[in-house]
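Hi everyone, thanks for making time.

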Amino acid sequence: MKSQAEKIAMLTSYDASFTTRIEQAGADVILVGDSLGGVIHGQPTTLSVTMEDMLYHTRHVAHARQQALLIADLPYHSYETKQSALENSQRFVDTGADMVKLEGAGSVAESIEHIIQHGIPVCGHLGLLPQSVEELGGYKVQGREQAAAEKMIADAKLLESLGVDMIVLECIPSELGKTISASLSIPTIGIGAGLECDGQVLVLYDLLGITPGKLPKFVKNFLATASADKGENLIVNAIKDFVTAVKEKRFPTAAQSY
């Protein structure tokens, strides 16, 4: 899709019902995200999410998934060693995931390499790393300073060289998202990383406007503007609108970017 300049639409899902609706709407990728710590468990961070939590939700999503690529998040403390990284990644694959996602670059390079060497595809994650939110001092835009931007570009190239197949870029300046995307042969998926990433992802509950509290500026409530006159489920229409907006490069707008 990247080589053909076709944008990739990704959404999170945590259960069978929403997975069915996401499939109906034509999304390309489904992510069972550790974001469930916030939207399902009601926790302020993702740090309390366990492997058992992730396996439970991945199992139900995998049962309903038909065509979309299915990625599962390796949660906090689940890939500290290459042995635990491989063991937990294999548990996801056995549950039905096609790919695993983990955060960081150099510090987890050995784990990434070990997973890939054993035939399991990996998605990277750079920028704002929710599992490192305490070290980062909160949910803040990353890569604004030149040194930080250069390091992120180098980290992205490192991940590609290790064999990572896709990278999520979260909460970074649009220009940096554009630079990283252009420098890689693998696709980038942005969330608050600008329009020039190779695809976009949102937390499904954010897209539907049902997440409580203040939402990040990169979120759009697609349910609020979805049409009910197409003879289809309103939630499916909202997700379709997201997929179409991504494909047609209408989301995110400048107002939803940094």
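Let's start with Gln117, which counts as exposed because its relative accessibility is 60%. For the cut-offs, buried means under 20% relative accessible area, exposed means over 50%, and partly exposed is in between, with a 1.4 Å probe and protein chains only. Gln117 sits in helix α5, residues 109-117. Helices (H or I, at least four residues) and strands (E, at least two) are DSSP runs, numbered from the N terminus.

A word on provenance. This is a predicted model, where local features need pLDDT of at least 70 and side-chain atom pairs count only at pLDDT 80 or more, while totals for chains, interfaces and linings use all residues. Residues are numbered from 1 along each chain as its sequence is written, and side-chain values use heavy atoms, with hydrogens and water left out.

Now the overall picture. The protein has ten helices and eight strands. Its C-alpha atoms fill a box of roughly 50 × 40 × 35 Å along the principal axes. For 258 residues, a compact globule would have a radius of gyration near 18 Å, and the protein's 17 Å agrees with that. That radius is taken over C-alpha atoms, and the globule rule is 2.2 Å times the number of residues to the power 0.38. Buried residues make up 53% of the 258. Taking contacts (heavy atoms within 4.5 Å) between residues at least 6 apart in sequence, 61% join residues at least 24 apart.

On to the strands. Strand β3, residues 69-73, has four of its five residues buried. Strand β2 (residues 29-32) runs parallel to β3, with four bridges between them; pairing here requires that DSSP finds at least two bridges. Leu31 stands opposite Ile71 in β3. Three bridges then join β3 to β4, again in parallel, and Ile71 faces Met99 in β4. Between β3 and β4 the chain passes through helix α4, residues 82-95, in a right-handed β-α-β crossover. Right-handed means that, with the strands pointing away from the viewer, the path from the first strand over the helix to the second runs clockwise.

Beyond its neighbours within four places in sequence, Lys101 touches residues including Leu31, Ile71, Cys123, His125 and Val168.

Further along, look at strand β7, residues 188-191. Thr188 and Gly190 point one way, Ile189 and Ile191 the other, and all are buried. In a regular strand, side chains alternate between the two faces of the sheet. Strand β6 (residues 166-170) pairs with β7 in parallel over four bridges, and the chain gets from β6 to β7 through helix α8, residues 174-183, in a right-handed crossover. On the β8 side (residues 199-202), two bridges hold a parallel pairing with β7. Gly190 has Leu169 opposite and Gln200 as its bridge partner in β8.

Next, helix α10, residues 234-247. Its 14 residues should span 20 Å at 1.5 Å a residue, and the end C-alpha atoms are 20 Å apart, which agrees; the expected span is 1.5 Å times one less than the number of residues. Its buried residues, among them Val236, Phe242 and Val246, pack against β1 (8-12), α1 (16-25), β8 and α9 (204-207). At the start of α10, a side-chain oxygen of Asn233 comes within 2.8 Å of the backbone nitrogen of Ile235.

Finally, some backbone geometry to check. Most residues other than glycine have a negative phi, and most peptide bonds are trans. Lys249, after α10, has a positive phi near 60°. Cys171, in the loop between β6 and α8, has a positive phi of about 55° and is buried at 6% relative accessible area. Phe251 and Pro252 are joined by a cis peptide bond, with omega about 0°. Happy to take questions!

How values were computed
Polar contact = N/O pair within 3.5 Å; in protein donor to acceptor, adjacent residues only side chain to side chain.
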